[in-house]
Structure formats: structure tokens, C-alpha cells
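Please read this report with the sequence and the structure side by side, and look up each residue as it is named. The text goes through hairpins, a sheet, helices and salt bridges in turn.

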Amino acid sequence: MYNILIEFGIPVKLVRLVKMCLTERYSRTGLGKNLSDMFLIRNGLKQGDGLSPLLFNFDLEYAIRRVQVNQDGLKLNGTRQLLVYADDVSVLGGSVHATKENTEALIVASKDNGLEVNTDKTKYMAMSRDQNAGCSHSMKIDNRYSGMVERFKYLGTTLTHQNSVQEEIKSRLKSFVFQFAIQKFKD
């Protein structure tokens, strides 16, 4: 991780300070009024630490840049195929095969940095106006099958497997009606 920070141009003095913050870290867990004994944190970043999201973002950005060095299949109609916000990553592709390859490349690049993909949360969706698109495909990533979904929300927008906007319009209208009703109730 420290080499990644240096590669991004972070001054060595700051990298040494980060290293000091991440060395010899101890923690304890609590359940009710009971606290565990102190234990050494050997790897990973401490949740709740203000430095953790920043370091995670550097690691993820480094992995993404490594994947994008090979530009084959990383653009779809001139658009990047990786949508990233915090720890949510959406991989797009012109085909199930291209999406699978890009996902596997990102997983390998992430593992090299010590990041892990939660395969239990990994889902895929084949978008097409064709009713049966993606139904005959299964996606096996990192020796585990990923579940197929017909819709998912990304940054507040509902995407459907039929590439239809009707569901998103309905959702926004419901939200508007709900907000309008709340405002009327307040008045």
C-alpha cells in the first residue's frame, strides 16, 4: 500500500506517518457491557478511522488504473465500463463475456493490492430489450457463481434488465407524490 501512495505522488514523509498509524494497531470488541481483551490487527484497515476510506480509495484507484492499462474491451460506445462510487463498483460490457473478463481482471488487480471482492454481494444483470437476454448465461467469478438480478439501484437510479425507464419514472413519481403529501401535511 505504501508504494501505491508514493506512486500517486504522496510525499514520503506523509507515507511514513501513515505507516506509523497502521503499525502495531490493537483493538477490542464489545458485546453489551463486556469488552474483549486487546488483540493485534494484522491486516486490513480499521473501520471508523478517518484515514481508512482515503487509503481504500487509493488502493481501488490503483487497481482500476491497472485494469485500464489494457484498453481492449474497457470502452462501450466510447464510455468507460467501470462505474465506481465509494466501494460500489459496476462493470459494464457489450456482452456477458466482456463483462466477465473485465470483472475477473479487476478482481485480480484488486487482490494484488490486498483488496477482496465480496462474492456473496456480487450480482450481474444482462440489459436488453429482449425478454430472454442473459437468461441462458451464468457468471462464475473467482470460482463462485454470481446471482442474476432483473433490477438494481445505482446511485439512486433503478436500472432494469429490459433497459426500460418506466420503473424509474414510477419510482420518482411516487417519491414526488410522497414529498408533496408530507409538505401538505406540514402546512
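Which residue takes a positive phi in the hairpin of β7 and β8? In this predicted model, that residue is alanine 86, whose phi is near 55 degrees, and the hairpin to which it belongs has two residues between the strands.

**Hairpins**

Strand β7, residues 82-85, and strand β8, residues 88-91, run antiparallel and are joined by four bridges. Within this pairing, leucine 82 stands opposite valine 91 in β8. The C-alpha atom of alanine 86 is separated by 9.9 Å from that of leucine 54, although the two residues are 32 residues apart along the chain. Leucine 54 has its place in helix α3, and it counts as partly exposed because its relative accessibility is 46%.

A second hairpin is formed by β12 and β13, with two residues between the strands, and here leucine 155 takes a positive phi near 50 degrees. Strand β12 (residues 151-154) pairs with strand β13 (residues 157-160) in the antiparallel sense, over four bridges. Arginine 151 has threonine 160 in β13 as its bridge partner.

**An open sheet**

Three strands make an open sheet with mixed pairing, in the order β9-β11-β10. The edges are taken by β9 (123-124) and β10 (139-141), each of which has a single partner strand, so one side of each is left without a neighbour in the sheet. Strand β11 (residues 144-148) pairs with β10 in the antiparallel sense over three bridges, and in this pairing arginine 144 in β11 is the bridge partner of isoleucine 141.

**Helix α2 and the residue that follows**

Which residues of helix α2 are buried? In this helix, which covers residues 12-22, they are Val15, Val18 and Leu22. They lie on the same side of α2, because they cover an arc of only 60 degrees around the axis. As a rule, an α-helix has 3.6 residues a turn, so residues three or four places apart point the same way.

On the other side of α2, the residues Lys13, Arg16 and Met20 are exposed. Methionine 20 counts as exposed because its relative accessibility is 62%, where the cut-off for this word is over 50%. Together with Leu14 and Leu17, Met20 makes a nonpolar surface patch of about 310 Å².

Just after α2 comes glutamate 24, with a positive phi of about 55 degrees, a value that it takes although it is not a glycine. Glutamate 24 lies in the loop between α2 and β1 (26-27), and its relative accessible area of 58% makes it exposed.

**Helix α4**

Helix α4, which covers residues 96-112, has 17 residues and reaches 24 Å from its first C-alpha to its last, close to the 24 Å expected at 1.5 Å a residue. Its buried residues include Val96, Ala98, Thr99, Asn102, Leu106 and Ile107. Just after α4, glycine 114 takes a positive phi of about 90 degrees.

**Salt bridges**

| Glutamate 61 | Arginine 65 | 2.8 Å |

Arginine 66 is partly exposed, with a relative accessible area of 36%.

Glutamate 61 and arginine 65, by contrast, are both placed in helix α3 (residues 52-68), and because they are four residues apart there, about one helical turn separates them. Glutamate 61 is partly exposed, its relative accessible area being 31%, and arginine 65 counts as partly exposed at 47% relative accessibility.

Technical notes: Residues numbered from 1 in each chain as written. Predicted model: local features only at pLDDT ≥ 70, side-chain atom pairs only at ≥ 80, totals over all residues. Heavy atoms only, no water. Buried < 20%, exposed > 50% of the residue type's maximum accessible area, 1.4 Å probe, protein only. Arc of directions from axis to C-beta. Patch = residues over 30% accessible without salt bridge, like charges linked within 9 Å, V, L, I, M, F, W, Y side chains within 5 Å. Areas by Shrake-Rupley, 256 points an atom, 1.4 Å probe, with all protein chains shown as cover. Salt bridge = Lys/Arg side-chain N within 4 Å of Asp/Glu carboxyl O. Pairing = 2+ DSSP bridges. Expected span 1.5 Å × (residues − 1).
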